[in-house]
Amino acid sequence: MNKIAMIALLTLNVFSFVLMGIDKYKAMHKLWRISEKTFFFLALFGGSIGVWIGMCFFRHKTRHKLFTIGIPFIIFCQILLFSYIKVW
C-alpha cells in the first residue's frame, strides 16, 4: 500500500472516530443526529476501525445489534479482502 493510500485510510478512520464522538454528544443533548447509514458507509469504505474504536471509546451504539455485530463483521471481511489481495 502506498503512502497516499495509507494517509487517506488513516484520515478516514480519524474522521469516523470523531464523527462517532459528535453523534454521542448530539444524542446526549437531544440534537439532530448523524444517520446510521453514514457510519456504515464510512465503515464499508475503510473507516471501520475508526467507527469501532469510537463505539468503544464513547460507549455509543453499543446496544445496537446491527452495530455490535455489523462493524466487527465489516472489519473481518476487510481483513480477508486485504489478505486475498496481498497474496495475489
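Mentor: The protein exposes about 6,600 Å², of which carbon and sulfur atoms supply 75%; accessible areas come from the Shrake-Rupley method with a 1.4 Å probe, and for residues only the protein chains shown count as cover. This is a predicted model, in which local features need pLDDT of at least 70, side-chain atom pairs count only at pLDDT 80 or more, and totals for chains, interfaces and linings use all residues. Residues are numbered from 1 along each chain as its sequence is written, and side-chain values use heavy atoms, with hydrogens and water left out.

Trainee: How many disulfides does the rule give?

Mentor: The count is zero. A disulfide is a pair of cysteine sulfur atoms within 2.5 Å. The sulfur of Cys-56 lies 18 Å from the closest cysteine sulfur, in Cys-77, and is therefore too far for a bond. Cys-77 is accordingly in no disulfide.

Trainee: Why does Cys-56 count as partly exposed?

Mentor: Buried means under 20% relative accessible area, exposed over 50%, and partly exposed in between (1.4 Å probe, protein chains only). Cys-56 has 45% relative accessibility, so Cys-56 counts as partly exposed. Cys-77, at 33%, is likewise partly exposed.

Trainee: What percentage of the 88 residues count as buried?

Mentor: By that cut-off, 28% of them do.
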